[in-house]
Amino acid sequence: MRFPLLLAVVALLTAELTFADAIRQTKSDHYDAFRQLDVDLPTPNVYRTASGAPGTQYWQQRADHKIKVTLNEANQSISATQSIEYTNNSPDTLRYIWIQLDQNRFAEGSGDRLTQTASEDILSYGTLAREQRHADVQHGFTIESVADSRGRDLKYTIVDTMMRIDLPQALRTGQKTTFSIGWSFNIIEESVIGGRGGYDHFPENDTYIYFLAQWHPKLAAYTDYGGWKHQQFLGAGEFTQEFGNYEVAITVPADHIVSATGVLQNESAVLTSAQRQRLNEARSADKPVFIVTPEEAIENEKEGTGDTKTWVFKADNVRDFAWASSRKFIWDAMIHRQEGGEFDEVLAMSFYPQEAEPLWSQFSTHSVVHTLEVYSRFSFPYPYPTAQSVNAWEGGGMEYPMITFNGRRPEPFEPDEDDPEADSKPERTYSRRAKHGLVGVIIHEIGHIYFPMTVNTDERQWTWMDEGINSFLQYLAELEWEENFHNHRENYSILEHIAEYMISENQVPIMTQSDSILQFGPNGYTKPAASLVVLRETVLGRELFDFAFREYSQRWKFKRPTPSDFFRTLEDASGVDLDWFWRGWYYSTDHVDLAITGMREYKVSSLDPDIEFDLNRQERADEIPETLGQIRNREEGRTTRLERFPELADFYNENDEYTVTNADRNKYTETIEALEDWERAALERAIVDDDYVYFVDFQNIGGLVSPLPLLLTNADGEEEFLMIPAEIWRQNDRNVSKMLIRDKPIVSIEVDPRRETADADFSNNHFPGRVDRSRLELFKEDEESRDMIADMLRTLRKTGDNDESKNVPLEPIQN
């Protein structure tokens, strides 16, 4: 029985080796940039089809939560009990389940803290303060109980940021199990520890904003493509979770205002009658309406209270739950109306302190609504009843279902002592950068409610599937907010920005697991976003791309796609083979650098010697100049021997090599008669048309194949734009030549004139070459100028924690 099995294994291995050898190039340095991705992508199955759609037997698990949590403001901690009903929709029998304990990332001995590295012998003040806080305060979950639905203890094992619960009975397909967990933890101060949640302290009046994220134990995902997704939480790789319903009761000080995932269930118990009336007004308002006014927020801040209130929220079909609480909050809201979705009206809301004014009341809620309008057009109607923007830690941004945490506050106004109008000026002001920064971060974080909160990608594995896709849509939404947003010029700035990254050495492909990414922002956010701009504007065009992207979004709404599902869907819906695009942009570190290296002009020869020989004589005279010796001899009055002795002249002096003979005419006649009728007709038409024939040489210096957008300029100044598809590189990915036939002479060609390919070097994009023009500012070279330049150079050499002003002075220890 073993022998046939052995033969089968050998046959399988042989087949794999043979196939591998079939695509192995040993006879030249040819690289097949258009090799199909089928050999690299997972094999389609009943769960995920070859078209990129969910299969007929697609499944995913479900986890429903009921949580009661209490915020203890006295010691900055929370405690809670929760029950989870877990449904096994997989075809597998489960004997244990895995729970994510994300707060354990901050615990002593966690994988994240133990594997943090130092690049130089420096210590920043921020790093020192973080280590001191860890030494002073214990962080991470304290698990107080794990029990089944009858209150009986369940065996559990904590493995860093994961906890395995052993089930007393195996959970078969279609079965459910309910269990409870009691837990607590100390809330981190975000500005000191860093993270995605915590609290922000305002020492001026000893007030706090709490923004709780990754705050409760939740089910790890169990998937068809990877089983239990229990990779440890190391900080960079975010989350992959199961959908379910949440019912959460949040007990906080009575003067707090709470924002949370879902819909508030007990307005009458937590809001005044005036606030409830304003909330009802907001539900039909086209502009933001205050629910909690700035004046009420100021009163709330004046003193605390020992009383508490419990805010109850419900959220259906969400993959996570987050909340924020503070006595500082101003609260405004307006309605967003839409068609085609489960909810015709969405309540857009913002929560922020006085310190965020006047920026937030003017721009935050409008930014929320703007995001819903743009993203829904590209994907699907917004799928939830609320969308919220909460002012959290400065510079931050984080997303959860129906709620986002966003940084950015205006700068406090510092009056000039000599300014007589100082008292009449606002307490705070904001720059253009702060305004665009706020609008941009809100668009980005609200956009995440679509990707990955609804299109439920695996963030722990593939950062680009949520951050990159979302950054692409954010870019489109910013372009529709106002012209020159962030100084965007069409799709120019994002592509030029990413080109600088793509030529850098310290990088990895986009298809790299999240925790192993180098240059996280450009790799996970900007490069995939730029690639989709190129795909939409240049490779596919807007009509094909928008249809395909919308198909992907709607196929995988409330489901869990993988990269192969994205790649396959966009090809399937657009009808265009994009394997070369995914391979180059996502699986390599090549960059785009297209060059035009030569151009030659021709006319079609008539073959008639009586015409062609005169033209050849003239071309020779034009192309080959008279020798310098002949010119100077004539200038000096020298005569040739032939001029002095005319009798030396013969046949060759009277007839040059371009003189037509009867033999030449006979050969021409024979050539014409030997042509097929269609060949003769083509030659005759070419003679009549008198077209120009050009051979243009292009080089792919960067390695990433790309379409060739060309601007042809004729002698009369007329311009023609020509887009050559990327497939021109399919047989030679480095050098190609293109023939062009035109009825007017071309005087110049420019590659990528609209800067749409992310080309890293435009100096080689013109033929003939172009002089780069700019201006120089003169300076007077004195000692002060030299010192200023030296200071500037020293500043440019410092980045991040290498800034000496942010580092703790260290002295070496003498042994």
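Biologist: How many salt bridges does a search of the whole structure find?

Modeller: This is a predicted model. Side chains of opposite charge can pair when their charged atoms come close. Searching the whole structure for such salt bridges gives a total of 49.

Biologist: Which residue forms a salt bridge with Arg327?

Modeller: The closest N and O atoms of the pair are 2.9 Å apart. The cut-off is 4 Å, so the pair counts as a salt bridge. The partner of Arg327 is Glu73.

Biologist: How many residues apart in sequence are the parts that Arg327 and Glu73 tie together?

Modeller: Arg327 lies in the loop between β18 (323-326) and β19 (330-337). Glu73 lies in the loop between β1 (62-72) and β2 (77-87). The pair therefore ties together parts whose separation in sequence, in residues, is 254.

Biologist: Is Glu73 buried or exposed?

Modeller: Its relative accessibility is 16%. Buried means under 20%, so Glu73 counts as buried.

Biologist: Which helix holds both Glu299 and Lys302?

Modeller: Glu299 forms a salt bridge with Lys302, with the closest N and O atoms 2.8 Å apart. The two residues are three apart, about one turn of the helix. That helix, residues 294-302, is α7.

Biologist: Which strand holds Glu720, the salt-bridge partner of Arg742?

Modeller: The closest N and O atoms of Arg742 and Glu720 are 2.9 Å apart. Arg742 lies in strand β30 (residues 735-742). Glu720 lies in residues 719-724, strand β29.

Key. Residues numbered from 1 in each chain as written. Predicted model: local features only at pLDDT ≥ 70, side-chain atom pairs only at ≥ 80, totals over all residues. Heavy atoms only, no water. Salt bridge = Lys/Arg side-chain N within 4 Å of Asp/Glu carboxyl O. Helix = DSSP H or I, 4+ residues; strand = E, 2+ residues; numbered from the N terminus. Buried < 20%, exposed > 50% of the residue type's maximum accessible area, 1.4 Å probe, protein only.
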